[in-house]
Amino acid sequence: MAWLRRRRTVPAPQADAGRLAIIAGAGALPVMLAEANPDAYCLAFEGNDCDLPEASLTRYRYEKLGSVFTSLRAEGVTRIVMAGGIARPKLDMTQLDLTVMSLAPRIVKAMGTGRDDALLRLVISVFEDQGFAVVGAHDLLPHLTAPSGVLVGTALSKYGRADAERGRAILGALAPLDVTQGCVVAGGLCLGIETVQGTDAMLRFVADTPDRLRRGKGVLCKLPKAGQDLRVDMPAIGPETVRSAAAAGLEGIVIASGKVLLIERDVLIALADDLGVKIVAVEM
């Protein structure tokens with residue numbers, strides 16, 4: 001693992017490759033994408049929270065996916081980006097259109113695995129089969145990832161580096177189970193594993209861990225799973241992650257260079273600096 005000092009990069013401009021559609025969920029990322037791509041066609045599925053103004057959205061039902069494809073073509077869309085928290089679909093089997101009916105065996109199989117990566121791969125393949133290019137938020141907003149090195153503060157202490165190595169090993173071992181993108185390690189002990197409740201819930205749990213069970217400050221490791229398709233499921237940290245890490249008494253946060261989104265990057269960096277939370281990006 002390379003523990004490098006900070007270096008500056010300038011994001012390369014993105015070429016215009018056709019109109020973009022943003023399939024929006026909850027959180028700040030869809031808002032940032034919409035601001036950077038004002039001509040984008042914004043849509044969301046019924047039952048999903050979204051921080052974009054409703055007036056800027058077109059809502060669809062999961063059961064009527066055929067109408068989504070028809071509308072995208074009519075709007076001149078060639079590229080799709082999925083961003084924000086999107087809930088697993090709950091299908092009303094009496095409302096399926098012909099498109100979704102034809103996909104039903106694949107949907108049932110993917111959902112039956114209980115694995116998010118199987119469902120996300122299916123979503124990607126469905127849009128690609130319809131002739132749309134699926135791009136990642138990091139392709140459109142490359143400045144939201146970090147190059148290798150120290151992003152905030154100084155290099156991790158030798159204890160922090162050891163904990164980061166241990167965290168990376170834990171996440172690597174769990175990757176085949178599609179369980180987690182994050183964990184906290186302190187003094188070689190795993191204090192928390194991120195599950196469906198999310199990173200902030202894990203950090204609150206760590207903050208409540210009594211001192212007698214801790215062997216040092218510890219680090220949060222936030223890394224993609226092996227084989228994860230980063231176009232639709234890239235790990236992310238934001239200002240609230242930094243606040244929660246500080247409240248948990250952690251030395252720092254370790255992320256994968258180029259493979260973790262920094263939501264509200266400028267705010268995140270300033271907050272981490274104020275709270276004394278180191279952020280280090282490492283090669284994977």
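This is a predicted model: local features need pLDDT of at least 70, side-chain atom pairs count only at pLDDT 80 or more; totals for chains, interfaces and linings use all residues.

Student: Okay, what is the strand order in the open sheet of five strands?

Tutor: The order is β3-β2-β1-β4-β5, and the pairing is parallel. The edge strands, which pair on one side only, are β3 (58-60) and β5 (133-135). Neighbouring strands of this sheet are turned against each other by 30° on average, direction ignored.

Student: How many bridges are there between β1 and β4?

Tutor: Strand β1, residues 19-24, pairs with strand β4, residues 77-83, over six bridges, and within that pairing Ala21 stands opposite Ile80 in β4. Helix α2 (residues 65-74) packs on this sheet, where it touches β1, β2 (41-45), β3 and β4, and its direction makes about 175° with that of β2.

Student: And the sheet of six strands, what's its order and pairing?

Tutor: That one is also open, with the order β6-β13-β11-β9-β7-β8, and its pairing is mixed. At its edges are β6 (149-152) and β8 (189-193), each pairing on one side only, and the twist from one strand to the next averages 25°.

Student: How do β9 and β11 run in there?

Tutor: Strand β9 (residues 219-222) and strand β11 (residues 252-256) run parallel and are joined by four bridges, with Val219 standing opposite Gly252 in β11.

Student: Which helix lies across β7?

Tutor: Helix α6, residues 158-174, lies across β7 (182-186), β8, β9 and β11, and runs at about 140° to β7.

Student: Switching topic: are α8 and α9 roughly parallel or roughly antiparallel?

Tutor: The axes of helix α8 (residues 239-247) and helix α9 (residues 265-275) come within 8 Å and cross at roughly 15°. Because angles under 35 degrees count as roughly parallel, α8 and α9 are roughly parallel to each other. The crossing in which α8 passes α9 is right-handed.

Student: Which residues meet there?

Tutor: From α8 come Pro239, Val242, Arg243 and Ala246, and they meet Val267, Leu268, Leu271, Ala272 and Leu275 in α9.

Student: Last topic, how many disulfides are there?

Tutor: A search of the whole structure finds zero disulfides. For Cys50, the nearest cysteine sulfur is that of Cys42, 7.9 Å away, while for Cys190 it is that of Cys183, 5.2 Å away.

Student: Is Cys50 buried or exposed?

Tutor: Cys50 counts as buried, because its relative accessibility is 13% and the limit for buried is under 20%. Cys190, at 36% relative accessibility, counts as partly exposed.

Key:
Residues are numbered from 1 along each chain as its sequence is written. Side-chain values use heavy atoms; hydrogens and water are left out. A disulfide is a pair of cysteine sulfur atoms within 2.5 Å. Buried means under 20% relative accessible area, exposed over 50%, partly exposed in between (1.4 Å probe, protein chains only). Two strands pair if DSSP finds at least two bridges between them. Helices (H or I, at least four residues) and strands (E, at least two) are DSSP runs, numbered from the N terminus. Axes are lines fitted to C-alpha atoms, for helices over the stretch in contact, and angles run from 0 to 180 degrees between N-to-C directions. Contact means heavy atoms within 4.5 Å. Angles under 35 degrees count as roughly parallel, over 145 as roughly antiparallel, 65 to 115 as roughly perpendicular and the rest as oblique. A crossing is left-handed if the near helix is turned anticlockwise from the far one by less than a right angle, and right-handed if clockwise.
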